[in-house]
Amino acid sequence: MYNCFGAVWASRRTAIYSEQDVRTILEEDGYRDDLPIGEFELGDLAVYSWTESGEIFHVGQVFRIDVIADGFPEARVPFILSKPNDSMGEIVHAVNDYPHNGEFTVTYFSDRR
């Protein structure tokens, strides 16, 4: 059994439950969150945190990027490969369509230099 954090960082072999462990992995593995707005790329991470507390509760990987060209400027919409919980399978969803109740914020992290 694995969860979203285990899917991203433990090759789908285990679950990671500690938010502090998640923050340690982001820091020690050299992920940066200073990407310009809209500059996420395939393979980058979408890290979900509760808006009020800032607690990280979910992560997924940018799996696909759709370009919506009917507006100006064009909008890039990331689709995320993630695992909602230990018992569900993996899903692909638009970044803001994560199936969870509550106000959340998404921050993109990248290990690209």
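**A walk through the predicted model**

Valine 59 is buried, with a relative accessible area of 1%, where buried means under 20% relative accessible area, exposed means over 50%, and partly exposed lies in between (1.4 Å probe, protein chains only). This is a predicted model, in which local features need pLDDT of at least 70 and side-chain atom pairs count only at pLDDT 80 or more, while totals for chains, interfaces and linings use all residues. Residues are numbered from 1 along each chain as its sequence is written, and side-chain values use heavy atoms, with hydrogens and water left out.

Valine 59 belongs to strand β2, which covers residues 56-68; helices (H or I, at least four residues) and strands (E, at least two) are DSSP runs, numbered from the N terminus. If its neighbours within four places in sequence are set aside, valine 59 is in contact with Cys4, Phe5, Val8, Trp9, Leu45, Ala46, Val47 and Ser82, contact being taken as heavy atoms within 4.5 Å. Valine 59 is also 9.5 Å from asparagine 3, C-alpha to C-alpha, although 56 residues separate the two in sequence.

Side chains of opposite charge can pair when their charged atoms come close. A salt bridge is a side-chain nitrogen of Lys or Arg within 4 Å of a carboxyl oxygen of Asp or Glu, and by this rule the count comes to 6 salt bridges. One of them joins arginine 23 to glutamate 19, with the closest N and O atoms 2.9 Å apart; both residues lie in helix α2, 4 residues apart, or about one turn of the helix. Arginine 23 counts as partly exposed at 36% relative accessibility, and glutamate 19 is likewise classed as partly exposed, at 25%.

Another salt bridge is formed by the side chains of arginine 76 and glutamate 41, at 3.7 Å from N to O. Because arginine 76 lies in strand β3 (residues 75-82) and glutamate 41 in the loop between α2 and β1 (45-50), this pair ties together parts that are 35 residues apart in sequence. Arginine 76 is partly exposed, with a relative accessible area of 30%, and glutamate 41 is partly exposed with a value of 32%. A further salt bridge brings together the side chains of aspartate 66 and arginine 64, at 3.0 Å from N to O; aspartate 66 is partly exposed at 28% relative accessibility, and arginine 64 is partly exposed at 35%.

Some charged residues gather instead with others of like charge. Glu27, Glu28, Asp29 and Asp111 form a patch of negative charge on the surface; patches are made of residues with over 30% relative accessible area and no salt bridge, like charges being joined within 9 Å.

Most residues other than glycine have a negative phi, and most peptide bonds are trans. Serine 11, although not a glycine, has a positive phi of about 55 degrees; serine 11 sits in the loop between α1 (4-9) and α2, and counts as exposed at 52% relative accessibility. Arginine 12, also a residue other than glycine, has a positive phi near 60 degrees. Arginine 12 lies in the loop between α1 and α2, where it is partly exposed, with a relative accessible area of 41%.

Key
Patch = residues over 30% accessible without salt bridge, like charges linked within 9 Å, V, L, I, M, F, W, Y side chains within 5 Å. Areas by Shrake-Rupley, 256 points an atom, 1.4 Å probe, with all protein chains shown as cover. Lys, Arg positive; Asp, Glu negative; His and termini not counted. Charge placed at Lys NZ, Arg CZ, Asp CG, Glu CD.
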